[in-house]
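I opened this notebook to record what I looked up in the structure shown below. The entries follow in the order in which I made them.

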Amino acid sequence: MKLTGLRALVVVTCVVALFSIVAVASLETIVSDELIPEISAAAGIALAGSYADTMTEAELEALAVNGRTIGLRTAASEALAIQYRAKTEEEIMVILKGTADPMIRAAAVEPALIYLISVTSEAEDFSLTDYLKDIAINGETHEMKLAAAKAYYFMMRGSLKAEDLEVQAVTNDSDELAYAAGEILSGFYLSFNPKTQAELEELAINGESVGMRVAGSTALATLLINSDLTTLDFETTLLSIAGTKSAEYRAAYKVALAVRYGS
Amino acid sequence: MKKLVLVMAALLVVFSASAIVMAQGYDAQPADAKIIPLGEEGTAYENQEPGVQGGTMYVAAISDPKKWNYVTSHETSTTQYCFLMLRGLVDSNPVTSALEPELAKSWDISEDNLVITFHLREGLKWSDGEPFTADDVVFSFNDLYYNEDVETDTRDILVLPDDTYPVVAKVDDYTVTVTLSMIFRPILSSIGAPILPKHALAQYVHKLNPDVPVGTFNSSWGLDTDPAELVGMGPFMVESYAPDQHVTLVRNPYYYHYDAQGTQLPYFDKYVVLTVASQDVSLLKFRNGELDALGIRATDVPILKREEAVKNMTVLVDPDVANYGTSWIGINQDIGLAEGTYENLRALYRTRDFRAAMSNLVDKQAMIDTLYNGLAVPQWSPVSYLSPFYAGRDYYGGPVTETDAVVFEYSLDKAAALLDGIGIIDRDGDGWRDYEDGTRVEMELNTNAGNTVREGVSLIVADRASKIGLKLNFVPVDFNTLVNKLFASTGEMIVLGLTGGNEPNSGANVYSSGGGLHFWHYSAADEPNELEKKIDGLLDAAVGTLDNDEAFEIYKEYQITLANDDLGLVYTVNPAFTYAFSNKVGNANISSPVATPSGNNGLTMDLCFFK
């Protein structure tokens, strides 16, 4: 036990500044090219903040659906997610449960979490986690289920260990629950139950379920971001693995590249 | 948290009212400005950097303030704002926690250690442009803190063992003496209590303004006060307050801290505290980038670690450094005393073996595992784990060995045996224990709603109690409601926390029998029992020596007596230091158990800036 209480284990992750951030104009060029979907999408993620500041909700919704490339659609959807934070609970739920394009519904998933974890009921036997789990299984849309699943694991995180989540990321009552379990699990792999990069790569590629691959991919992205690899390194890798490995493995590089691009 | 070694302990809440007309500010940097040498080698601030002015820092709290009046406050939901608006003669360095000059630029101590002469910084002004002088210092102590008409806990940490107070006297406009009737080791930290503006507040003090009724000051600077009327010497002043929404503070143009480059602090233009429903909502808002810094829980670590790199934030985790402060279950031995009700429960609570049984019911390991992901340590002492006086050490400032720790192991059998021994048994076969008269033993367990860790602690305790037939009904309530229950002595059993610091005497307002926060047994102020008399004596003895080693031994006995015999508070666990901030915030790396950018001791908010 240190006595001073003044030293803390600082895990600094601000490595972005070590790399050149790609200008918006260049990103617009990259995002318009769909040769490598992950590179296009990475540029889209990096552009989201700019789009959220400069485009209307209607413009973004149109772009999210009709954008010519996955990068443009991703940029619009991610930008909508930022704008949707200002929406009311009712407005968010209408989007999540409605018939809008999945790219639009996807934008409502994260903004929904604050509302979902705050649901209350007069019913004496009401259980928030039971309520969320039920929606995660029986929700009207994939995005509604996913939001509820994420909220469910957010609320349950304190009572679950990595070994619990490793089971639930494989076998669960819905794909969305397994996916959300994998997301939470990735945080354990970066803190209480650390894994090596090789282990995470293996998991992201060959994990036995989407949930486990997501766990590996999400944690792997952090290691990639914290590495010395450059924008060019990530682009080269994505080029070389295009259409191979697994979507989750490629997603790790996509996220890391988006950070290098300056998201 | 308590303003560390400076002032009284305050009730801990993990966070949580018109435009202000500001004066112009200084024409030039005052000659006596306090210079913060950010980034200068060889100084405490060598790992920080000079910043730039501008921007609005956002943090969150789960409770609104109760008032703006520091003097009469008891809770961090209030003091967190007071510490941003006010300053004392001395303060803690946010990096080293050592005491250093604040409103006083220096001090001299007489050879007999009974007279301290404070030399005040000259040319400073209050936030409204009025000059700061020795009159404000004398007013703060003689007319506020020592004034029996004023309700304040600060008196509890200023009173000397012979029941006198340090005599504060003006020598000239910028010199003040503090004279003691006897040695009082923690005088420098105690005398660091915030200084209040005489020109703004004297009108509310009956002894200075007989036109107002006695006690008028106690309701001054309430939440209904126009923020423009609040005056301070701290880095920020309240600009607006919207209940359940936010408190917005704006830079004090007359703040007297400057960096070495001559830039006036604070760097931020505004500091906004959003009121949120729960810690979980705070976490989601931080993830969204709506907050710039956040005190996190161990269970938040996996959530944030996976986004740390992507969202350009820093997550600090130090499993070896426990936070200051204490977490406990308070058992109100005065429940129903004033009303002549709850006779059975009060008698039970006053039975030491019942409180010992409650100690055996605290499943600390389950709390550590499930609520803290292992990032916590069992707690048993009223003194902070980090304090050099912590009795888990073998000597003053030594390593923590826990050789003399008072341990009540988690044991349902032992708890049941203790209850059996005092006649609390199941008399009607319904599975619940009853009093001798056959009525069921049933009690309400409260904590502040929205604090999910305390809610978890409460649920674990209630669950374990149910396993031996003891019925605890868990009811979370609003923080300020909870505080009111404490002070009205209407809470039966409460899970809550107290701030902490290095100097145990700063908890005298809690642990002395007459302390303003002796909320589990307020009647002890009039009729202390033998144990409480002993604790009072130990507190007095520990401040009466200048020898830290001697004080350590006295405080060790004090801690063991409270933990093993008094048991008014049953301690739970002490979390490790965990914190998160956006990497766009400069100097946030100063974060430690001593001070954080969103903490409630006001020590670092003036140093942070947006990169």
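Entry 1. I looked up B:K270 in this predicted model and found that B:K270 is partly exposed, at 28% relative accessible area. I noted the cut-offs: buried is under 20% relative accessible area, exposed is over 50%, and partly exposed lies in between, with a 1.4 Å probe and protein chains only. B:E239, at 17% relative accessibility, counts as buried. The side chains of B:K270 and B:E239 form a salt bridge, with N and O 3.1 Å apart; the term requires a side-chain nitrogen of Lys or Arg within 4 Å of a carboxyl oxygen of Asp or Glu. B:E239 belongs to strand β9 (residues 236-242) of chain B and B:K270 to strand β12 (residues 270-275) of chain B, so the pair ties together parts 31 residues apart in sequence. I took strands (E, at least two residues) and helices (H or I, at least four) as DSSP runs, numbered from the N terminus.

Entry 2. Residues are numbered from 1 along each chain as its sequence is written, and chains are lettered from A and ligands numbered from 1 in the order in which they are written. The model is predicted, local features need pLDDT of at least 70, side-chain atom pairs count only at pLDDT 80 or more, totals for chains, interfaces and linings use all residues, and side-chain values use heavy atoms, leaving out hydrogens and water.

Entry 3. Which chains does the salt bridge of B:R287 and A:E110 join? I found the two side chains meeting at 3.2 Å, N to O. B:R287 lies in helix α6 (residues 279-287) of chain B and A:E110 in helix α7 (residues 109-116) of chain A, so the pair joins these two chains. B:R287 is buried, at 6% relative accessible area, whereas A:E110 is partly exposed at 27%.

Entry 4. I then looked up A:R105, which forms a salt bridge with A:E143; their closest N and O atoms are 2.6 Å apart. A:R105 is in helix α6 (residues 102-107) of chain A and A:E143 in helix α9 (residues 142-156) of chain A, so the pair ties together parts 38 residues apart in sequence. Both residues, A:R105 and A:E143, are buried. Over all chains, I noted 41 salt bridges.

Entry 5. Finally, I checked the confidence of chain B: its mean pLDDT (the predictor's confidence in each residue, from 0 to 100) is 92. In residues 1-21 of chain B the pLDDT is below 50. Where pLDDT is low, the predicted coordinates should not be read in detail.

Definitions and conventions
Contact means heavy atoms within 4.5 Å.
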